[in-house]
Amino acid sequence: MNILITGGAGYLGSILINKLIQARHSKENLSFYDNLIHNNEKFKDYDKNSHYIDYHKIIVLDNLLYRQVCLTDYCYQGTFEFIHGDVRDQTSLKKLINKADIIIPLAAIVGAPACDKDPKLAKQVNYEQIKFILSNTTKNQKIIYPNTNSGYGIGKPGVPCTEETLLNPISVYGRTKCDAEKALLDSGRAITLRLATVFGVSPRMRLDLLVNDFVYKAITDGYLVLFEKDFIRNYIHIQDVALTFIYMMNTYKQNIGNTFNVGLSSANLSKWDLAKKIKEYIPKLVIKWDNFKEDLDKRDYIVSNEKLEKLGWTPYYTLDMGIQELIKAYKIINYNLNRNFTNL
């Protein structure tokens, strides 16, 4: 079995590849997650086989837009293959699709600001790539697609968005991702995951995600100024996102044709609540709010993750764990004055 990951050298892809390599060997050796389960009563009934997957090769296609070198650690693996290329090169993409049993199209122009800078590029990568993949695959090939729950746009106060909630994307990013998801769901041949705002450390680090950004500013500046402080989002750790892809590979037949919200049910938080949570770990942090300026990202919604949780899926990382992890990582990033970890 071959797994094709487009955009696999990105923030999520570099973590997913690590988890896939770990999963392939975890029948012989307990993984970090197995140990976590064994040592935590909360996870005693969790099906650990959902972590395991066997495959012949991981094939990564990426144009290294951000000059990242985050996949070099995996080059010694005989099961890993990297191809430098662009998903808009349909001739090359088709050849790779033909070799793949599972396709995970991570390649995307991610985030509202990045898509607003070049809407044409965003449509080509975020939407037309998916249409091409659909047109050149068969029902025997598995497709697992990451959408964003930013497609919910502005929700109703106090009413959680479920997978049945009408999508209302308010950005080029949200629209292109949701259009791609619709094409996949209409085909009945894919699983789509509506990811909450992701946080946590990755070899291809991003500082332009809300939790990552707030913790970084809290450490480097010592203060946060919040606009529209009561806007709410849901959050999820990047390690749990990667494991969710593996979970879906192992439960594909049961879940094909479905979409799932992927987030921490304990972390539907306003920006104000998030800032106060960070202050618990950085006590000297000064938090101010002022609406003299509007936030360009108007998303505001509560998300229900109940549909996925009912399958037996559970996240491992809490928001608190992620904040502590980020604080440690920024000691390294700040020491080297590396401020280039962004999609902007």
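Me: Is the crossing of H3 and H5 left-handed or right-handed?
Reply: The crossing is right-handed. This is a predicted model.

Me: Which residues of H3 and H5 meet?
Reply: Gln 90, Leu 93, Lys 94 and Ile 97 come from H3. Gln 129, Phe 132 and Ile 133 come from H5. These residues divide into four nonpolar, two polar and one charged.

Me: What makes Glu 181 and Arg 194 a salt bridge?
Reply: The distance from N to O is 2.8 Å. The cut-off is within 4 Å, so the pair counts as a salt bridge. Glu 181 is in helix H6 and Arg 194 in strand S7, 13 residues apart.

Me: How do you know whether Glu 181 and Arg 194 are buried or exposed?
Reply: Buried means under 20% relative accessible area. Glu 181 has 2%. Arg 194 has 4%. Therefore both count as buried.

Me: Why is Asp 320 called partly exposed?
Reply: Its relative accessible area is 22%. Buried needs under 20% and exposed over 50%, so Asp 320 falls in between.

Me: What does Asp 320 pair with?
Reply: Asp 320 forms a salt bridge with Lys 277, the closest N and O atoms being 3.2 Å apart. Shared partners join Lys 277, Glu 280 and Asp 320 into one network.

How values were computed
Residues are numbered from 1 along each chain as its sequence is written. This is a predicted model: local features need pLDDT of at least 70, side-chain atom pairs count only at pLDDT 80 or more; totals for chains, interfaces and linings use all residues. Side-chain values use heavy atoms; hydrogens and water are left out. A crossing is left-handed if the near helix is turned anticlockwise from the far one by less than a right angle, and right-handed if clockwise. Helices (H or I, at least four residues) and strands (E, at least two) are DSSP runs, numbered from the N terminus. Contact means heavy atoms within 4.5 Å. Ala, Val, Leu, Ile, Met, Phe, Trp, Tyr, Cys and Pro count as nonpolar, Asp, Glu, Lys and Arg as charged, and the others, Gly among them, as polar. A salt bridge is a side-chain nitrogen of Lys or Arg within 4 Å of a carboxyl oxygen of Asp or Glu. Buried means under 20% relative accessible area, exposed over 50%, partly exposed in between (1.4 Å probe, protein chains only).
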